[in-house]
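Please look through the sequence and the model shown here before reading on. The report that follows goes through selected parts of the structure, one topic at a time.

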Amino acid sequence: MYQALKLPLDQCHRFINADGTLKHTIDEQEFPLLLECYKAMMQIRIFDKKCVSLQRTGRFGTYPSVLGMEAIGIGVGKAMEEEDVFVPYYRDQATQMLRGVSLYEILMYWGGDERGADYQNCRQDLPNCVPIATQCTHAAGVASSFKIRKEKRVAVCSLGDGASSKGDFMESLNLAGTWKLPMVFVINNNQWAISVPRHLQSGAERLADKAIGAGMPGEQVDGNDVYAVYRAVKRAVDRARAGKGPALIEAISYRLCDHTTADDASRYRANEELEKAWEFEPVKRLRALLENKGLWNESQELAWAEHCQANTDKAVELFLNTEAQPPHAMFDHLYAELPTQLEEQYATLLARHHA
Ligand SMILES: Cc1ncc(C[n+]2csc(CCOP(=O)(O)OP(=O)(O)O)c2C)c(N)n1
Ligand SMILES: [Mg+2]
């Protein structure tokens, strides 16, 4: 089955199989955590669907859905400590939600309002990075500061499979390995970089092997298994915190959605492959496991879905009722002192706004 998709899922770390059975035993004490993960994954799935609808009805900007990749984000978020710093790319709503970024803030950001990046919680987490892989260099900087200040904190950097072909990533990886920085790279390998499939991106059999040249451990995990992601990231984060240096984790998943709302994946991707990928998706398998263990049932599912929808609707209402900032706000917070040219443009815009 996996071969049809060409996902190397049989070789990578996994606890929860696609049908909800266990490949490896999970300690009973961990089940409350799994329940929390499931609830969070449902919240992000319901919220994410609403974001796509908002864009389709003209009330939102371009939006990158996280459909099918929820387990990666939630596993990463659960593995981090509050004092760590998360350095995201643009498909990290799930981790951000667990870190304390509100659904309202996520909506504001993707609605084109930078106030959404001024997180009221987790104030040291970095904002979304849309330029591919540049966040890796920022994360290396954050991790360097932790090392210099002897702080027991870890920078966790998230990136896509496509981003792992960029120089910024390779340079950050090299620096992290050389300086033994307290950082963890997590690759969300969703098999596509927009329309470029994984096999055309890199000659490396496993993206995790890129760690070898940088002198750090690299590990492949089933990114559709939230517990496998959590365990791998937690181990790497604990290790980095203990001063043993960085690690790279490749979480293998599949992008069940278009690249963004500006994309139409049916133009370059076979429907048969997409249908196959749905068999491995992360939410269904965790629900099956929890139900088998007697920890979840249909009525809880319905009640929780309703709760998640209410949370989403509340945040959407607040977002839609937030007054947009004036156009000249785009100049705010860019520079301590605006360069002359920008100062002129700022003055022009200000005059028009008040005319
Ligand atoms: C520096 C830079 N080059 C190109 C782009 C255009 N671009 C946006 S998303 C993307 C593909 C990224 O794929 P991947 O890293 O696999 O992340 P995914 O979107 O699949 O999560 C590209 C090339 C960009 N945003 N930044
Ligand atoms: Mg990708």
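## Terms and the model

In sorting residues by class, Ala, Val, Leu, Ile, Met, Phe, Trp, Tyr, Cys and Pro count as nonpolar, Asp, Glu, Lys and Arg as charged, and the others, Gly among them, as polar. By these classes, the shell around ligand 1 has nine nonpolar, four polar and three charged residues.

This is a predicted model, in which local features need pLDDT of at least 70 and side-chain atom pairs count only at pLDDT 80 or more, while totals for chains, interfaces and linings use all residues. Residues are numbered from 1 along each chain as its sequence is written, chains are lettered from A and ligands numbered from 1 in the order in which they are written, and side-chain values use heavy atoms, with hydrogens and water left out.

## The surroundings of ligand 1

A residue is near a molecule if one of its heavy atoms lies within 4 Å of it, and 16 residues surround ligand 1, the closest being Y89, Y90, R91, G162 and W192. Some of these approach oxygen atoms of the ligand: a polar side-chain atom of Y89 lies 2.6 Å from one oxygen atom, and a polar side-chain atom of R91 lies 2.7 Å from an oxygen atom of ligand 1. In the case of W192, a backbone N or O atom lies 2.8 Å from an oxygen atom of ligand 1. The protein covers 72% of the 580 Å² of accessible area that ligand 1 has on its own, where accessible areas come from the Shrake-Rupley method with a 1.4 Å probe and, for residues, only the protein chains shown count as cover.

## The magnesium site

The magnesium ion (ligand 2) is coordinated at 2.1 Å by D161 through OD, N190 through OD1 and W192 through O. Such donors are N, O and S atoms within 2.8 Å of the metal (3.2 Å for Na, K and Ca), and because water is not among the atoms, sites may look incomplete. Along the chain, the donors of the magnesium ion follow the spacing D-x28-N-x1-W. D161 lies in the loop between β2 (155–160) and α7 (167–179), whereas W192 is in strand β4 (residues 192–193), so the pair ties together parts that are 31 residues apart in sequence. Helices (H or I, at least four residues) and strands (E, at least two) are DSSP runs, numbered from the N terminus.

Are D161 and W192 buried or exposed? Both of them are buried, a word that means under 20% relative accessible area, with exposed meaning over 50% and partly exposed in between (1.4 Å probe, protein chains only).

## Two residues with positive phi

Most residues other than glycine have a negative phi. Q191, in the loop between β3 (183–189) and β4, has a positive phi of about 80° although it is not a glycine, and Q191 counts as buried at 8% relative accessibility. I194, in the loop between β4 and β5 (196–197), also has a positive phi, near 50°, but I194 counts as partly exposed at 41% relative accessibility.

## Residues separated in sequence

D19 is found in the loop between α1 (2–5) and α2 (31–56). The C-alpha atoms of D19 and L289 are separated by 8.1 Å, although these residues are 270 residues apart along the chain.

H353, by contrast, is in helix α12 (residues 340–354) and is partly exposed, with a relative accessible area of 40%.

## The annotated domain

UniProt, in an unreviewed entry, lists residues 38–317 for "domain: Dehydrogenase E1 component"; its positions are given in the numbering used here, feature names are shortened, and annotations may be inferred rather than shown by experiment. Over residues 38–317 the chain is 45% helix and 11% strand, and the end C-alpha atoms are 25 Å apart.

Methods:
Polar contact = N/O pair within 3.5 Å; in protein donor to acceptor, adjacent residues only side chain to side chain.
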